[in-house]
Amino acid sequence: PPRPPKASVSNGEDAGGGAGRELVDLKIIWNKTKHDVKFPLDSTGSELKQKIHSITGLPPAMQKVMYKGLVPEDKTLREIKVTSGAKIMVVGSTINDVLAVNTPKDAAQQDAKAEENKKEPLCRQKQHRKVLDKGKPEDVMPSVKGAQERLPTVPLSGMYNKSGGKVRLTFKLEQDQLWIGTKERTEKLPMGSIKNVVSEPIEGHEDYHMMAFQLGPTEASYYWVYWVPTQYVDAIKDTVLGKWQYF
């Protein structure tokens with residue numbers, strides 16, 4: 001049966017209050033916060049959503065409004081028997097929350113990692129300061145900020161290792177090896193034996209990174225190399241961790 005038009009005064013309940021202006025006290029609960037609101041009983045669910053939007057900034061389309069079940073947009077609060085003091089639950093995320101949630105897992109893991117590392121940037125830790133305080137090596141390779149390049153065909157040279165000695169990195173792709181060369185000797189490491197590569201820009205010289213190759217099961221086995229030109233960082237990681245050897 002068709003519903004009576006909205007304007008009809010309900011059975012004299014709002015005597016003298018003028019039709020449809022009877023207010024109820026609602027507790028609107030969203031995101032663990034409570035908002036106390038007075039709202040006309042004869043407003044519809046969709047008007048309530050507008051009101052919630054004005055309080056929370058949450059667009060109506062993203063709101064689920066619950067009072068003993070989902071509040072229908074086309075019914076009035078009176079029709080769904082909302083009483084004064086009723087708790088109205090709102091579920092929904094603002095667009096920013098949604099964007100934050102939808103970033104891929106990697107980003108979340110990187111954030112978690114970043115949190116761990118926030119303790120202090122690596123380049124401020126004592127063991128690294130010792131080397132970095134020597135300053136930039138004269139013969140370090142020039143860096144190109146904001147570029148990503150494939151590995152050069154010549155060894156990457158002019159960098160320091162953690163004892164402050166000079167170190168060269170040679171990527172022997174045909175042998176699938178990384179050669180770490182110092183004055184004294186050259187370590188030839190199978191790429192597959194390197195468990196991880198970490199890097200972090202050097203403070204004050206963000207166009208160079210400090211980089212570590214994890215040669216064993218724990219962080220203690222990191223081999224640190226300082227002053228890696230930024231444009232090669234991604235290529236080194238990809239090469240060592242085997243992203244494009246198989247193309």
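Is Tyr226 buried or exposed? Tyr226 is buried, since its relative accessible area is 0%. I note that the model is a predicted one.

**Aromatic pairs.** I searched the whole structure and found three aromatic pairs. I then checked where the two residues sit in the chain. Tyr208 belongs to strand β10 (residues 205-214) and Trp227 to strand β11 (residues 222-229), 19 residues apart, and the pair links distant parts of the chain. I also looked up their accessibility. Tyr208 comes out at 3% and counts as buried; Trp227 has a relative accessible area of 1% and is buried too.

My next entry is Trp224 with Tyr226. Here the ring centres are 6.3 Å apart and the planes lie at 20°, so I put the pair down as stacked, planes under 30 degrees apart being the criterion. Trp224 has 6% relative accessibility, which I recorded as buried, because the limit is under 20%.

**Charges over rings.** I looked for lysines placed over aromatic rings. The charged end of Lys134 sits over the ring of Tyr160, 4.6 Å from the ring centre. I also noted Lys172, which lies over the face of Trp179 at 4.7 Å from the centre of that ring.

Methods: Residues numbered from 1 in each chain as written. Predicted model: local features only at pLDDT ≥ 70, side-chain atom pairs only at ≥ 80, totals over all residues. Heavy atoms only, no water. Phe/Tyr/Trp six-rings, centres within 6.5 Å; stacked < 30°, edge-to-face > 60°. Helix = DSSP H or I, 4+ residues; strand = E, 2+ residues; numbered from the N terminus. Buried < 20%, exposed > 50% of the residue type's maximum accessible area, 1.4 Å probe, protein only. Lys NZ or Arg CZ within 6 Å of the ring centre and 35° of its normal.
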